[in-house]
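Welcome! Here is a short tour of a protein model, written for someone new to reading structures.

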Amino acid sequence: MFQIADRSTGSCHEYWCCISATDPATDSTDRYSRPVNDLSLEMTSEQRVDLGQEAVRFLDEFLSSLPDAPASYPMADSATLSRFRQAPPEDGLPLDGLLATIAEASNVGADSAAGSFLGYIPNCGIYSGAVGEFIAAGLNRYTGGNHASTGAVAIEQGVIDWILKLFGLGPKAAGVLLSGGSIANLTAIVAARTRFGNDFRDGVVYVSVQAHHSVNKAARLAGIADDRVRIIGADQQLRMDIDQLELAIEADLAAGLKPLAIVASAGTTDSGTIDPLQEVVDIAAAHGAWSHADAAYGGFFQLTERGRARLGGIEQFDSITIDAHKSLFMPFGIGGLLVKDGDTLVEANAGVGSYMQDVVDVEGLPHFFALGPELTRPFRGLPVWLGLHLHGVGAFRSELDRMLNLAERAQRELDQLERIRTVGQPDLSVVVFQSIHGDADSKFLFDYINNSGRVFLSSSEIHGKFVLRLAFLSPRTKDDDLDAVLELIGSAPSPVESDDEIP
Ligand SMILES: Cc1ncc(COP(=O)(O)O)c(C=O)c1O
């Protein structure tokens with residue numbers, strides 16, 4: 001019987017991944033505990049079912065273990081990491097050993113699938129999404145053009161239609177699912193640059209200091225020079241400073257430059273802050289600049305009443321980055337871009353090859369290859385479609401509402417702790433705080449909380465100060481995860497005193 005490290009105690013127990021855990025001498029079903037050199041790439045029906053069942057059991061045991069599992073694990077030594085990197089053998093190995101390696105490798109570092117993972121922008125990846133990915137990969141439909149797998153493209157377009165309607169971008173809008181927020185931001189900047197014109201050397205992109213770094217990276221990747229990107233400061237509430245934006249534009253106009261795009265964050269990564277969307281869109285319109293809202297994190301809060309109110313004005317933007325692998329709880333790898341004038345997206349991604357001469361246009365459906373940089377792409381819409389149809393939209397709405405509640409509760413209760421000062425008010429589901437005793441004590445608390453292994457937080461720097469963040473975006477996160485943070489702060493040893501106390 002196979003042994004792996006216990007997820008909750010670090011000791012050994014029989015299986016997280018219970019695979020054919022029987023005596024090979026007496027059980028003929030133990031086909032995975034001996035070499036399977038003859039397992040051909042095209043498997044028999046029985047082999048497929050067995051493999052699928054073992055994978056399901058493996059995942060189910062993993063998911064069942066999560067409530068008691070630590071939020072993070074110690075780093076592996078270099079010998080262990082080298083073992084994970086071993087080159088594949090010429091002949092196949094038994095599945096149980098391979099699953100054990102996967103389990104062991106998963107238990108190194110933070111457990112981003114756990115509800116106790118409150119760092120960065122969390123995303124547990126709901127199970128229905130994982131099943132959707134599995135089915136999509138098994139079907140392996142080509143969804144680049146609409147002629148090849150028209151039904152699959154129709155399913156995916158149904159998801160996009162729903163998202164476009166949610167954001168109210170109007171009848172000319174188009175959308176495409178991409179691999180994540182970074183690629184969506186890149187696709188948006190390329191669309192903005194395309195509309196600006198072939199010679200974009202005079203075009204300037206404006207972005208807040210609090211924007212996700214993928215926006216600046218996108219500008220660079222899109223060939224926009226560093227000296228054509230203006231970093232606009234943020235106010236005390238961490239929102240883009242509109243006065244600074246206007247001054248920067250005036251200075252650029254005076255220097256003979258022209259605004260190419262203004263990027264607002266609809267939920268920043270650090271603090272979940274929503275920039276003044278209406279003001280940004282008005283300024284962009286006044287200067288003929290492309291307005292882009294990076295709603296990778298915040299976008300699907302549009303499903304909730306509070307989110308929709310706070311995201312007011314987003315429907316006027318030229319483009320919006322959304323990310324189903326953030327606020328729609330999907331497994332990693334599903335972001336997207338919505339563009340008000342779909343033709344611009346088509347123009348930006350134009351390209352043909354002679355091998356594409358058989359492509360025909362199915363009326364009413366787009367070619368996704370014409371809306372983004374990818375030609376061959378996974379059936380990305382399927383996990384989203386399956387999740388939305390299986391659980392219903394209401395299930396997502398109520399979880400997002402619960403995330404907002406958790407953030408409100410966290411802010412309220414952190415504010416009551418003498419040692420703690422919260423930074424800004426949460427617009428969405430991220431709460432930022434620091435120790436009133438300054439950076440040294442904030443860092444001490446950060447290590448104290450994370451070293452407990454009970455919850456995992458990430459940190460950042462805001463206004464030059466070290467801050468801790470609590471980000472709620474996982475259906476697996478419960479009130480007791482927040483309780484644990486508050487208790488850990490309450491039970492932490494005396495503050496580290498320093499001379500940078502926060503008033
Ligand atoms: C606001 C925002 N934009 C963009 C991104 C990048 O998204 P991805 O990591 O999916 O590329 C993130 C990631 O956290 C984000 O929070």
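Phe329 is buried, because 26 other C-beta atoms lie within 10 Å; a residue counts as buried with 20 or more other C-beta atoms within 10 Å of its own, as exposed with 12 or fewer, and as partly exposed in between, with C-beta atoms placed from the backbone. This is a predicted model, in which local features need pLDDT of at least 70, side-chain atom pairs count only at pLDDT 80 or more, and totals for chains, interfaces and linings use all residues. Residues are numbered from 1 along each chain as its sequence is written.

Phe329 sits in the loop between helix 11 (324-327) and strand 11. Helices (H or I, at least four residues) and strands (E, at least two) are DSSP runs, numbered from the N terminus. Most residues other than glycine have a negative phi.

| Residue | Phi |
|---|---|
| Phe329 | about 60 degrees |
| His463 | near 50 degrees |

Is His463 buried or exposed? His463 is exposed, because 11 other C-beta atoms lie within 10 Å. Its place is the loop between strand 14 (458-462) and strand 15 (465-471).

Now for a helix. Helix 5 (residues 150-167) has 18 residues. Its buried residues include Val153, Ile160 and Phe167. Among the elements covering the buried residues of helix 5 are strand 10 (319-323) and helix 13 (381-391), where contact is taken as C-beta atoms, placed from the backbone, within 7 Å. Just after helix 5, Gly168 takes a positive phi of about 60 degrees.

Technical notes: The expected span of a helix is 1.5 Å times one less than its number of residues. Two residues are in contact if their C-beta atoms, placed from the backbone, lie within 7 Å.
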